[in-house]
Amino acid sequence: MNHRERFEAGLAREPADRPAIMYQHLGAAKHVLAAAGLTMREGFHDPETFARIAMMGQRITGFDNVMAGWGDVLVEARAHGMQWVFPERDFYPRAKKYVEMTPSNLDKIVPVDPMKDEYWSVPLKAAKLMMDRVGREVEVLGSMVTPMGIVGEMVGMENLLMATMSDPGIVEQLLGTVVESLKTYGEHISRFGISTIYVEDAAELSLSSPENIERYQLASLKKAVSSFHSHDIKVITHNCAANPYLDGYIGIGADAVTFHVTAVDLEKTMAMFRGHVAVMAGIDQTVLLFNGTEKEIQTEVDRIFNVWGDSPGLMFTTGCEMAFKTPMENIIAFREAVARHGTSLD
Ligand SMILES: [Zn+2]
């Protein structure tokens with residue numbers, strides 16, 4: 001099986017030679033950028049550079065996909081009016097100014113065609129480049145932030161959460177606008193022949209009640225998911241929250257879920273999803289993968305296999321984007337620990 005066949009077998013919950021491993025965003029960026037001889041800053045401005053960096057991430061890790069989106073989580077919010085600034089060192093931009101929630105400002109926020117936005121168009125065009133160059137062998141993933149996350153980065157998360165209580169109409173309006181932009185994103189992705197989109201969702205129980213998460217976050221995401229499904233695009237929902245709300249993902253039609261295995265009761269969580277959606281077990285990337293030994297990584301992978309059992313539909317990933325300086329030998333140890341449970345050693 002090649003990388004793409006393995007990844008798609010996992011998503012379809014069919015048998016594979018070994019579970020696929022998903023690479024997220026620009027994990028272990030230090031090694032990837034050094035190997036590519038390029039900077040993140042250049043990648044934000046130029047699709048060709050973005051694609052070369054993203055493909056290098058796959059080549060040096062040996063994981064099974066490339067992802068057309070990095071972990072800055074701001075590119076969609078910026079396209080809807082928020083302002084960002086690049087830091088001095090070569091790293092992700094950060095928020096400089098949120099959109100103030102005054103009626104005249106809010107009226108100016110309208111759906112965006114990602115292809116026409118200065119920055120959002122870059123990973124999107126890179127997605128097409130990657131699809132054309134490696135898409136037959138490697139899974140190419142579209143990437144987006146959940147509508148509630150985009151609006152949170154547009155107006156500030158605290159302001160947004162207050163508005164859910166004081167002015168639900170405005171919240172619904174903003175979410176609706178963003179969902180329209182995401183539908184257009186999905187249309188472009190579909191035209192490129194890409195069949196999977198990764199969604200950074202991060203529904204967090206310490207910020208909201210399950211009722212509010214269902215009402216705003218998941219209801220708006222469901223609209224985007226339904227639109228993607230109408231183009232035969234599968235959806236991976238990613239939740240790396242410390243106290244994640246995962247119960248709603250089957251209901252919104254997610255095809256796969258990823259979460260941090262140490263943030264959940266693993267047996268219960270796997271039992272909830274097994275047979276319904278593919279599960280991408282996210283091993284701890286902050287302590288285990290960053291500081292752990294090869295033996296510890298192997299033990300954790302073995303534990304996850306034991307809890308899951310024999311059913312198809314198990315995939316692996318890291319809890320979230322791997323840290324900038326994650327040791328290369330630990331990334332290799334992770335990949336080999338997963339391969340030991342399969343029939344393929346690549
Ligand atoms: Zn994450």
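Biologist: At what angle do helix H8 and helix H10 pack?

Modeller: This is a predicted model: local features need pLDDT of at least 70, side-chain atom pairs count only at pLDDT 80 or more, and totals for chains, interfaces and linings use all residues. Residues are numbered from 1 along each chain as its sequence is written. Helices (H or I, at least four residues) and strands (E, at least two) are DSSP runs, numbered from the N terminus. Axes are lines fitted to C-alpha atoms, for helices over the stretch in contact, and angles run from 0 to 180 degrees between N-to-C directions; the axes of H8 (residues 147-155) and H10 (residues 168-191) lie 9 Å apart, at an angle of about 115°.

Biologist: Which residues of H10 make the contact with H8?

Modeller: Two residues are in contact if their C-beta atoms, placed from the backbone, lie within 7 Å. H8 brings Pro147, Met148, Ile150 and Val151. H10 brings Leu174, Leu175, Val178, Val179 and Leu182.

Biologist: How many nonpolar residues does that contact of H8 with H10 have?

Modeller: Ala, Val, Leu, Ile, Met, Phe, Trp, Tyr, Cys and Pro count as nonpolar, Asp, Glu, Lys and Arg as charged, and the others, Gly among them, as polar. The contact of H8 with H10 has no polar and no charged residues, and its nonpolar count is nine.

Biologist: Why is strand S5 largely enclosed by the rest of the structure?

Modeller: A residue is buried if 20 or more other C-beta atoms lie within 10 Å of its own, exposed if 12 or fewer, and partly exposed in between, with C-beta atoms placed from the backbone. Glu139, Leu141, Ser143 and Val145 are buried on one side of S5, and Val140, Gly142 and Met144 on the other. So S5 (residues 139-145) is largely enclosed because its buried residues number seven of the seven.

Biologist: Which residue of S6 is the bridge partner of Ser143?

Modeller: S5 has parallel neighbours. Three bridges join S2 to S5, and Val66 stands opposite Val140. S5 also pairs with S6 (residues 196-200) over four bridges; there, the partner of Ser143 is Tyr198.

Biologist: Which residue of S9 stands opposite Phe259?

Modeller: Phe259 and Val257 point one way from S8, Ala256, Thr258 and His260 the other, and all are buried. S7 (residues 234-239) joins S8 (residues 256-260) through four bridges, and Asn239 has Phe259 as its partner. Five bridges join S8 to S9 (residues 278-283), where the residue opposite Phe259 is Ala281.

Biologist: What span does helix H4 reach from its first C-alpha to its last?

Modeller: H4 (residues 47-61) has 15 residues. The expected span is 1.5 Å times one less than the number of residues. That gives 21 Å expected, and the span of H4 is close to it, at 21 Å.

Biologist: Which residue just after H4 takes a positive phi?

Modeller: Buried residues of H4 include Phe50, Ile53 and Thr61. Its buried residues pack against elements including H2 (29-36) and S2. The positive phi, about 75°, comes just after H4, at Gly62.

Methods: Two strands pair if DSSP finds at least two bridges between them.
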